[in-house]
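Thanks for making the time this morning. I would like to walk you through one model, beginning with the ligand and then moving out into the protein around it.

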Amino acid sequence: MHVFVNAAMSADGKLSTRRREQVRISGPDDFARVDRLRADADAVLVGVGTVLADDPHLTVDDPSLRAARTDRGDPANPARVVVDSSGRTPVDARILDTEATTYVVVSSAAADARRTALAGAGGEVVVAGDDRVALADALRELEARGVETLMVEGGGEIIHSLFAAGLVDELSVYVGSVIVGGRDAPTLADGEGFRRVDDGVLLEYTVTGRRDGGE
Ligand code: NAP
């Protein structure tokens, strides 16, 4: 499985505010670029922290990109994945609507009542790990369900864990021309190499030495 992380951060390296409120970091050209990345992925993954903070939809906006997917025999939208050890995703979260398949990856400690509620709300519950979601196991479970290209959209905790587990192949970071500040605001790593998009820069990295040897 090919795993790529895409995120947008402020000029001072923050993904959002210290209250984990979403901030507009990029602009229309970058939104279009992210839409194309989504359209190229089999699934788009976020942590439950992002679902609780932003209630994202994670579908492809551009109808021509959705049409291109269906023309090649794929569903109009990539699958959506929430990494959610105890099943905290609200049953009315936008990510659970009928626009795409949604895998809610829980740990075996997740209560049966939560699993039933999430399945009833349209989620496909996948179990990986004991107390917390084990990310390598989660990726294997997703691969078994046909996910070969996985886009990770955040947030900071899940990105950090994926890097710590050696599971990332590529990282793109948009750096916007805004300062957010706050010692406790979520951040992402710095790096080298950039490309201008809108009035910010885009950092792109190929990660070497993936630990599970994944393709
Ligand atoms: P997050 O990374 O979205 O989710 C973290 C949660 O995932 C954890 O609290 C944990 O909750 C669950 N999880 C389960 N297994 C895990 C594992 N192995 N490793 C890590 N987490 C695991 O949350 P976040 O760091 O708070 O980020 C949310 C913030 O990021 C929001 O403010 C959002 O606006 C921002 N964001 C920004 C961008 C951007 O590009 N700028 C993109 C996305 C999000 P459980 O213990 O309950 O499972």
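If we ask which elements supply the shell around the ligand, strand 1, helix 2, strand 6 and helix 6 each contribute at least two residues. Please keep in mind throughout that this is a predicted model. Helix 2, which runs over residues 48-54, gives the most to that shell, with five residues. By class, the shell is made up of ten nonpolar, nine polar and seven charged residues, and of the 26 residues around the ligand the ones that come nearest are Ala8, Arg20, Thr50, Ser85 and Ser161.

The side chain of Ser16 places an N or O atom 2.7 Å from an oxygen atom of the ligand, while a polar backbone atom of Gly49 lies 3.1 Å from an oxygen atom of the ligand. On the nitrogen side, a backbone N or O atom of Val133 is 3.1 Å from a nitrogen atom of the ligand. Taken on its own the ligand has 930 Å² of accessible area, and the protein covers 88% of that.

Let me stay for a moment with helix 6, residues 156-164, whose buried residues are Gly156, Ile158, Ile159 and Leu162. What covers these buried residues? The cover includes strand 1, strand 2, strand 3, helix 5 and strand 6. Just after helix 6 comes Gly166, which takes a positive phi of about 70 degrees.

Is Ser10 buried or exposed? With a relative accessibility of 0%, Ser10 counts as buried, because the cut-off for that word is under 20%. Its side chain makes a polar contact of 2.4 Å with the side chain of Asp12, and, leaving aside residues up to four places away in sequence, Ser10 touches Ile25, Val175, Gly176, Val178 and Val180.

The last topic is the salt bridges, of which a search of the whole structure finds eight. One of them joins Asp30 to Arg33, with the closest N and O atoms 2.7 Å apart, and both residues lie in helix 1, three residues apart, or about one turn of the helix. An α-helix has 3.6 residues a turn, so residues three or four places apart point the same way. Asp30 counts as buried at 2% relative accessibility, and Arg33 counts as buried at 7%.

Another salt bridge is formed by the side chains of Arg80 and Asp97, at 2.9 Å from N to O. Arg80 belongs to strand 3 and Asp97 to the loop between strand 3 and strand 4, so this pair ties together parts that are 17 residues apart in sequence.

Finally, Glu141 forms a salt bridge with Arg145, the closest N and O atoms being 2.9 Å apart. Glu141 is partly exposed, with 30% relative accessible area, and Arg145 is partly exposed too, at 34%. Salt bridges that share partners link Glu124, Glu141 and Arg145 into one network.

Methods:
Residues are numbered from 1 along each chain as its sequence is written. This is a predicted model: local features need pLDDT of at least 70, side-chain atom pairs count only at pLDDT 80 or more; totals for chains, interfaces and linings use all residues. Side-chain values use heavy atoms; hydrogens and water are left out. Buried means under 20% relative accessible area, exposed over 50%, partly exposed in between (1.4 Å probe, protein chains only). A polar contact is a pair of N or O atoms within 3.5 Å; within protein, one must be able to donate a hydrogen and the other to accept it, and residues adjacent in sequence count only if both atoms are side-chain atoms. Contact means heavy atoms within 4.5 Å. Helices (H or I, at least four residues) and strands (E, at least two) are DSSP runs, numbered from the N terminus. A residue is near a molecule or strand if one of its heavy atoms lies within 4 Å of it. Accessible areas come from the Shrake-Rupley method with a 1.4 Å probe; for residues, only the protein chains shown count as cover. Ala, Val, Leu, Ile, Met, Phe, Trp, Tyr, Cys and Pro count as nonpolar, Asp, Glu, Lys and Arg as charged, and the others, Gly among them, as polar. A salt bridge is a side-chain nitrogen of Lys or Arg within 4 Å of a carboxyl oxygen of Asp or Glu.
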